[in-house]
Amino acid sequence: MRRIHIRQWMVILLCGFAQQPIAGMMNPLGIAWFGAAYMWPEHRSMLPVVSLIGMAAGIPEGMLLKYLGILIGIMLITYILEWKKAWVSQQEMLLMLSLLILSAGVGYGLAGEISLENFVRQMRISILEAVIGAAAFLLFYAVMNVFLKNMPRQLPNDDREDEASFIRCRLDDMSTSFRKLSHIMKQDMPEKEKLSDEEMAQAFSEVTERMCAQCGRREHCWEKEYYDTSHAAYNLLCAFSEQGQVGRKEVPSGFRRRCINIDAFLKETNRVMQMASMNLRWQNRLNENRLAFAGQMGEIAEIIEDLSTELCERKEASQKLSELIIHELEKNRVRIKRVTVTDEGSQGRRQKIYMLVKMRKGPGLTAKALAEIVSRAAGQRFVPEKDSPGFIGKKYVTFELVEDTRYRLIQGVARRARDGEPVCGDSYAFIYLDSGQVLMSLSDGMGSGEKAKEESEMMINLLEQMVDTGFARRSALRMINSMMMMHGDRQLFSSMDLSVIDLYTGICEFIKIGASSTFIKRGNKVECVTSGSLPMGVFPEMDCEGVSRNLFDSDVIVMVTDGVVNRFRHGSETICDLLSDMEITNPNAMAAEILNEALDMPGEAQPDDMTVLVCSVCKKVVSVL
């Protein structure tokens, strides 16, 4: 049951005392107080019980049925309106109250004597009682608005659950619609490697009509020698499909002797077939764009479905933890109006606490001190969220505390541009997510210089924006791949190397799309993680499956681009040996050492951009109090 504040208890108890009749055995004040208090859903569990006790004690037995019917009418009509998703407003409650008092008064009065004179008398009395009740309702509602000003107005639990269920259903419907649209767009889109028979026949007709329609030897070629002529002309079209060009040597000797415009015929054949081949390439490109767009629709469906699942799985933690937090804060002079503990993140392992608090007396409290108090109550360490206030004073403020991670990262970077280029074409980012995960991302743009830098930076920026917004990383990668496929007339190709580290569990997932090897150093042992996938933007559908590894305290992750690997004679094997013998523990120094070793290798000048990312995983000393 929802926790009721002391001021709310005062309103509920006063409702029982207000059930006292006034002159003429009328009870408009009690009904008006009940109607005004019923506007707050927090009162509804105890309000009818206390009101009924007050009526039984103060109203004569003969009048009790009348006012009990009015109370039941208010509750029933309110329930019906709110069941239909319509919040009962002040005006609606006022109208409901007045009509119920009027109808109950007239109906109860006519039960004793049915006559016109009695009807008029009861109508006057009921109108007077309804006017008094309406005026009292307005007064009581205004008083309660001030008295309960800081009390939160909430929909009843059932309504909130219905609202959440309604949202999930709509999200599921949207996800299904986008998935069906993606499926329809993917149907009947085979890539054409050569011209179809119909397209070849159309090209054949276009060539022969343009070259032979006005020729003086048409009758001889197309009537007397029809089979040889048509066979020779069709073979020329097939030769173009295989070679991309036809010349005199591909023309059969018989056809070459008969045709008086052989050079013009060959020229027209090449022109028509070049146009047909161009149309074929454009058709395949349109199909690729259509497939990429279908993939985007599918990813939108997955994103909406993930959001629906998150709404379904997010649940409030036990009431016991909330009560422990409230008890501990009240001992430290902190007044708490509302506290919510939720289990969020992957598999619900990440707890988050939302609080509305202020100081009851004495000096204020820092956010760090508040987090320590909550951590003692919860038995595990919590830290303030980055957007939470830094201080608690005399006014209510909202605090967000999140369960502290078990691990932290220390990172280092070393990079060098290709010789002769002003900038490095590689881009990287360390993205800290709200879920307690860190994305180490490294992108190598095709080529070098400004153009490669623009492509790789665009990849990293898009990825960062999408995962910050809440996109799943695989959905974000597939969306970026589709965008690169549809990037105007020029396709973009860039590698993407991801290492996703969970700071709660220590599990790291490696996702490689056309990227070089990644190395995991644990003491003197080094593991090499590789993948044979192609860069992004090559195919509409890409493979972004990854492999996972458990990380432990002092493990080091090293990510490099092709420019570093290719400088060593034996590539990844040499880097493994280098890391195995390396005694350096500082990530920046490690990255610089690897880069210097690559630059010292014999050979031609630096032919490619070079970037080294190093990340050391450290377990925190205190993660649970």
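**Contacts along the chain.** I started with how far apart in sequence the contacting residues are, taking contact as heavy atoms within 4.5 Å. Of the contacts in the chain with a separation of 6 or more, 71% join residues 24 or more positions apart.

**What I am looking at.** This is a predicted model, in which local features need pLDDT of at least 70 and side-chain atom pairs count only at pLDDT 80 or more, while totals for chains, interfaces and linings use all residues. Numbering runs from 1 along each chain as its sequence is written, and side-chain values use heavy atoms, with hydrogens and water left out.

**Whole chain.** I found 19 helices and 17 strands; these are DSSP runs numbered from the N terminus, helices being H or I of at least four residues and strands E of at least two. Buried residues come to 45% of the 625 in the chain. Here buried means under 20% relative accessible area, exposed over 50%, and partly exposed in between (1.4 Å probe, protein chains only). The chain exposes about 32,800 Å², with 55% of it supplied by carbon and sulfur atoms; areas come from the Shrake-Rupley method with a 1.4 Å probe, and for residues only the protein chains shown count as cover.

**Helix α2.** I then checked residues 28–37, which form α2. This helix is largely enclosed by the rest of the structure because 9 of its 10 residues are buried. Among them are Pro28, Trp33 and Phe34.

**Ser443.** I found this residue in strand β10, residues 437–445. Ser443 counts as buried because its relative accessibility is 0%. Beyond neighbours within four places in sequence, Ser443 has contacts including Asp426, Met459, Ile460 and Met496.

**Nonpolar patch.** Next I looked up the surface. Ile6, Trp9, Met10, Leu13, Leu14, Phe17, Leu139, Val143 and Phe147 make a nonpolar patch of about 870 Å². Two or more residues each come from α1 (6–17) and α6 (116–147), and α1 gives the most, with 6. Patch residues have over 30% relative accessible area and no salt bridge; like charges are joined within 9 Å and nonpolar side chains (Val, Leu, Ile, Met, Phe, Trp, Tyr) within 5 Å. A salt bridge is a side-chain nitrogen of Lys or Arg within 4 Å of a carboxyl oxygen of Asp or Glu. Phe17, in helix α1, counts as exposed because its relative accessibility is 65%.

**Negative patch.** Last, I noted Glu573, Asp577, Asp581 and Glu583 gathered in a surface patch of negative charge. Glu583 sits in the loop between α18 (572–581) and α19 (587–599) and, at 68% relative accessibility, counts as exposed.

Definitions and conventions
Lys, Arg positive; Asp, Glu negative; His and termini not counted. Charge placed at Lys NZ, Arg CZ, Asp CG, Glu CD.
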